[in-house]
Structures are given as C-alpha cells and as structure tokens.
Amino acid sequence: AQLGFVLAWSPVEAARTVLSERPDLVVFGHVHFARLGRLLKRLSPASRHWYVVYGIEVWHPLSKAIRRGLAEAERVLSISDFSRKELAKNGDVPESRINLLPCALDAVWQEKQTARVDEVRSGSPTVLTVARLAAAEGYKGVDTVIRALPGVRRRVPDVVYEVVGDGDDRPRLEELARQIGVADSVRFLGRLGEDALAAAYARCSVFAMPSEKEGFGIVFLEAALFGKPSIGGRHGGTPEVIEDGVTGLLVESGDVDALAAQIVQVVRDDGHGSELGKAAAKQLNEKFTYGVFRRSLEDLFASAVARREGGAEAWTRS
C-alpha cells in the first residue's frame, strides 16, 4: 500500500492537484492556507491535512477562519518548541497535535561553502549580523548592537560591525550609527550573493543578533558552519539553537551593557570564542543538518503510513 501526498505552496496548484488526484495527505507550507484547507477538505474529505508553522505568523491570535481550518488538520509541524507553544495558545491547537521539525542548514549551500570553513580570520575584530532591515522586523536587534558599540570600542578600539541585509529600516539604522558616533565602525553591506555572504561569515569574530523574538534562527546555523560563536536573545526559539555558555551566549533583549560585555568577552578572548564556535559546529552536525531533517520528516511520514495501512512503509509523492 502507498500514501500519496502533496506539498502545497501555491493555492491554485493545491486546489488543482487535490481535485485531480485526491491525495491521501496535503502538506500546507503556511497556516494562512488553513482557509483554503477547509474548502479542499470538502472537495476531498478523505485527504488528511498537515500544516507547517515557523514564527511570527502565529505570535498573535489567529482568525476564526484559520483556527477552524487548523481544527480539521491531522497535525502541524513546528520549527521550534517556542512556535509550538505560541500556536497552541493563539490557534487553539493542542500541543499533542503539533510535532517538532527543526530547521536545517541548506545542504547545497553547506557543501558549496565547506572549503571556506577553515579560512583564517584576519584584520580587525568583527561582529556580524545577517538580517532583513525592515521596520516591521526591528525586533531583530540591529539597533541594540549599534548602541552597544561605544561600550565595545572602549575596550576594543578597532572593532568593526558588519551588517548584511537591506530594507526600509536601513536609513534609520545608518542615522543611529551617526548620532552615537560609531558610523566609522559600522559597514552596511546590503544584500550579498552566496559567496560574499560566506566570506562575511568566515572573516567575522562573532555573530550577533540579539532578537526580541525568533521562530528559530537559521543565521545561527550559518555562523556555526564556519565555527563562529553567536550572541542571541534570550527569547523565542533562539535558546533552542544557542546553548548559553556552550555554543554561544544569550542576552536579554535591549540590554545594551550586557551585549557590549559579551561582545568584548568573545573578541578579546580568542580561545573562549574558538571553543564556543567549535561547540556550535558540533551541535550543527549532530542536530541541524539536512540529513537529520530528512530522517525526522521520513519518520513523520512513516508514522502516517503506519496509521493508514497498519504498518505499510511506502508512499508516493505528487
């Protein structure tokens, strides 16, 4: 026996496929598809529905229509325990129906950039952030890092802060750096291609994104690939990726003084930073590679097959 399933990223594609193939399982890539899911359930009642949740989309009470769609779902896959709890609270979904499926590092990018992993860092001590510079995502904490720089420069005068990313909040952040007198230490690099991004990770001393809330934080995995320690916010899903004092450091959101002290601690003590970075790389290989992700997803599909066919292990993909 086989289990047929559909990965639905386009509403039109999902509707067309469900109508033509009547799949056993439809996996929706976003909870906002739950409204469409209710319609598809009526068109193909035997099809089971799964949803994937990430972060910000479930950090607030969900609409009645989305809650109704999720109520008909067999299960939901969440990238972090934090997002799982937020969905349970805001979407009326029992945690027993929400399975963890943590993110993984992009396997193609990882293989391509492996040669850079052992590049020797040179030049000034460098702090790196990679994030969208959107006003709606000001919670990422780029402004907190900028505000921490005066305190860092008193101990590490030649420190450099590189910011990769772009968006409508960039002018405000650039003006903030000028206002507090650290513009000469901050480099806004904009959006970078794959190779340039890898080079930025390779040359940094520490990755910092003291976010107020993260669903997970793929960028912490990217830094770990290059053996770099990360400083993140003690909030949201970040503590599930950064083990405080082991693979990196955690700080309360907005605590400028604590962040400055942590940056100084890492960049002035190469041995400490190196140990944190090695532990981060080890954790990446043990928990967050594509191979681990794939095995976890295969287990979830296998359990669905077992429930449907009493132990059958095969399925088909549409």
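Strand 6 (residues 126-130) and strand 9 (residues 206-209) run parallel and are joined by 2 bridges. The model is predicted, so local features need pLDDT of at least 70 and side-chain atom pairs count only at pLDDT 80 or more, while totals for chains, interfaces and linings use all residues. Residues are numbered from 1 along each chain as its sequence is written, and side-chain values use heavy atoms, with hydrogens and water left out. Helices (H or I, at least four residues) and strands (E, at least two) are DSSP runs, numbered from the N terminus.

**The sheet**

- Strands of a sheet pair through backbone hydrogen bonds, in either a parallel or an antiparallel manner.
- Here, 6 strands make up an open sheet with parallel pairing, in the order 8-7-6-9-10-11; two strands pair if DSSP finds at least two bridges between them.
- Strand 8 (186-190) and strand 11 (248-251) are the edge strands, since each pairs on one side only.
- From one strand to the next, the twist averages 25°.
- Within the pairing of strand 6 and strand 9, Val127 stands opposite Val206.

**Helices against the sheet**

- Helix 6 (residues 142-155) lies across strand 6, strand 7 (160-164), strand 8 and strand 9, and runs at about 165° to strand 7.
- Helix 10 (residues 256-268) packs on the sheet and touches strand 6, strand 9, strand 10 (230-233) and strand 11. The direction of helix 10 makes about 170° with that of strand 11.
- Such angles run from 0 to 180 degrees between N-to-C directions, and axes are lines fitted to C-alpha atoms, for helices over the stretch in contact. Contact means heavy atoms within 4.5 Å.

**One face of helix 2**

- In helix 2 (residues 34-43), the buried residues are Ala34, Leu36, Gly37, Leu40 and Lys41. Buried means under 20% relative accessible area, exposed over 50%, and partly exposed in between (1.4 Å probe, protein chains only).
- Viewed down the axis of helix 2, these buried residues fall within an arc of 145°, so they line one face of the helix. The arc is that of the directions from the helix axis to the C-beta atoms.
- An α-helix has 3.6 residues a turn, so residues three or four places apart point the same way.

**Aromatic residues**

- The model holds 12 aromatic pairs. Rings of Phe, Tyr and Trp (its six-membered ring) pair if their centres lie within 6.5 Å; planes under 30 degrees apart count as stacked, over 60 as edge-to-face and the rest as tilted.
- The ring centres of Trp50 and Phe301 are 5.5 Å apart and the ring planes lie at 10°, so this pair is stacked.
- Trp50 belongs to strand 3 (residues 48-53) and Phe301 to helix 12 (residues 290-309); the pair links distant parts of the chain, 251 residues apart.
- Trp50 is buried at a relative accessible area of 0%, and Phe301 is buried at 6%.
- One aromatic cluster is formed by Trp109, Tyr201, Phe207, Phe220 and Phe226.

**Individual residues**

- Val219 is located in helix 9 (residues 218-225) and is buried, with a relative accessible area of 13%.
- Leaving aside residues up to four places away in sequence, Val219 touches Val130, Tyr201, Phe207 and Met209.
- Gly123 occupies the loop between helix 5 (107-113) and strand 6, where Gly123 is exposed at a relative accessible area of 65%.
- The count of disulfides (pairs of cysteine sulfur atoms within 2.5 Å) is 0.
- Cys103 is buried at 16% relative accessibility, and Cys204 is buried at 1%.
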